[in-house]
Amino acid sequence: MKISPILARWLAIIWTIIMLIGCLTPHEELPDELLSWSDKLLHVLIFAPFTLLWALAGFPMGRVLIAGVLFGALIEILQYVLPINRSADWIDLLADSLGAVVGIGMAWLIPQRYRFV
């Protein structure tokens with residue numbers, strides 16, 4: 001069974017918004033459970049679904065991978081310039097990029113008949 005491309009894109013948009021809210025929430029408002037996770041693993045785990053969903057929504061995987069890396073860079077820049085008690089980190093960007101690669105790998109492994117579009 002295939003899901004409509006419109007639904008697939010909405011899922012990708014919703015996940016992107018969730019990521020932005022999570023990554024740009026002021027540090028003092030984050031739950032302690034979130035902060036106790038390995039920060040770098042968390043970056044990988046939030047960026048993998050980002051690229052997976054956008055790739056499954058029908059966008060070319062190469063462009064989705066580039067968008068994932070650029071989106072990670074944008075988030076790190078925003079964390080640096082906004083007064084939200086968050087800090088930018090090159091290692092976070094590396095973890096974001098690794099997560100983007102993992103998501104593309106997952107999308108590539110899903111057989112065509114199970115993809116959204």
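The following questions and answers describe a predicted model of one protein.

Biologist: How are residues numbered, and what limits apply to a predicted model?
Modeller: Residues are numbered from 1 along each chain as its sequence is written, and side-chain values use heavy atoms, with hydrogens and water left out. In this predicted model, local features need pLDDT of at least 70, while totals for chains, interfaces and linings use all residues, and side-chain atom pairs count only at pLDDT 80 or more.

Biologist: How many helices and strands are there in the protein?
Modeller: Helices (H or I, at least four residues) and strands (E, at least two) are DSSP runs, numbered from the N terminus. Along the sequence the pattern reads α-α-α-α-α. The count is five helices and zero strands.

Biologist: Among contacts between residues at least 6 apart in sequence, what percentage joins residues at least 24 apart?
Modeller: Contact means heavy atoms within 4.5 Å. Among contacts between residues at least 6 apart in sequence, those joining residues at least 24 apart make up 79%.

Biologist: Are H1 and H3 roughly parallel or roughly antiparallel to each other?
Modeller: Axes are lines fitted to C-alpha atoms, for helices over the stretch in contact, and angles run from 0 to 180 degrees between N-to-C directions. Angles under 35 degrees count as roughly parallel, over 145 as roughly antiparallel, 65 to 115 as roughly perpendicular and the rest as oblique. Helix H1 (residues 5-24) and helix H3 (residues 39-56) have axes that come within 8 Å and cross at roughly 155 degrees. H1 and H3 are therefore roughly antiparallel.

Biologist: Is the crossing of H1 and H3 left-handed or right-handed?
Modeller: A crossing is left-handed if the near helix is turned anticlockwise from the far one by less than a right angle, and right-handed if clockwise. For H1 and H3 the crossing is left-handed.

Biologist: How do the residues of the contact of H1 with H3 divide by class?
Modeller: The contact includes Trp15 and Met19 of H1 and Ile46 and Phe50 of H3. Ala, Val, Leu, Ile, Met, Phe, Trp, Tyr, Cys and Pro count as nonpolar, Asp, Glu, Lys and Arg as charged, and the others, Gly among them, as polar. The division is 14 nonpolar, one polar and one charged.

Biologist: Which residues is Ile46 in contact with, leaving aside neighbours within four places in sequence?
Modeller: Ile46 lies in helix H3 and is buried, with a relative accessible area of 19%. Its C-alpha atom is separated by 7.0 Å from that of Met19, 27 residues apart along the chain. Leaving aside neighbours within four places in sequence, Ile46 is in contact with Trp15, Met19 and Cys23.

Biologist: Is H1 roughly parallel or roughly antiparallel to H4?
Modeller: H1 and helix H4 (residues 61-81) pack with axes 10 Å apart, at an angle of about 30 degrees. That makes the two helices roughly parallel.

Biologist: Is Leu78 buried or partly exposed?
Modeller: Leu78 lies in helix H4. Its relative accessibility is 23%, so Leu78 counts as partly exposed.

Biologist: How is H3 placed relative to H5, oblique or roughly parallel?
Modeller: The axes of H3 and H5 come within 6 Å and cross at roughly 40 degrees. That angle makes H3 and H5 oblique.

Biologist: Is Trp108 buried or exposed?
Modeller: Trp108 is in helix H5 (residues 90-109). The C-alpha atoms of Trp108 and Met61 are separated by 8.3 Å. With 62% relative accessibility, Trp108 counts as exposed.

Biologist: Which residue other than glycine has a positive phi near 60 degrees?
Modeller: Most residues other than glycine have a negative phi. The residue in question is found in the loop between H4 and H5 and is exposed, with a relative accessible area of 52%. The residue with phi near 60 degrees is Asn85.

How values were computed:
Buried means under 20% relative accessible area, exposed over 50%, partly exposed in between (1.4 Å probe, protein chains only).
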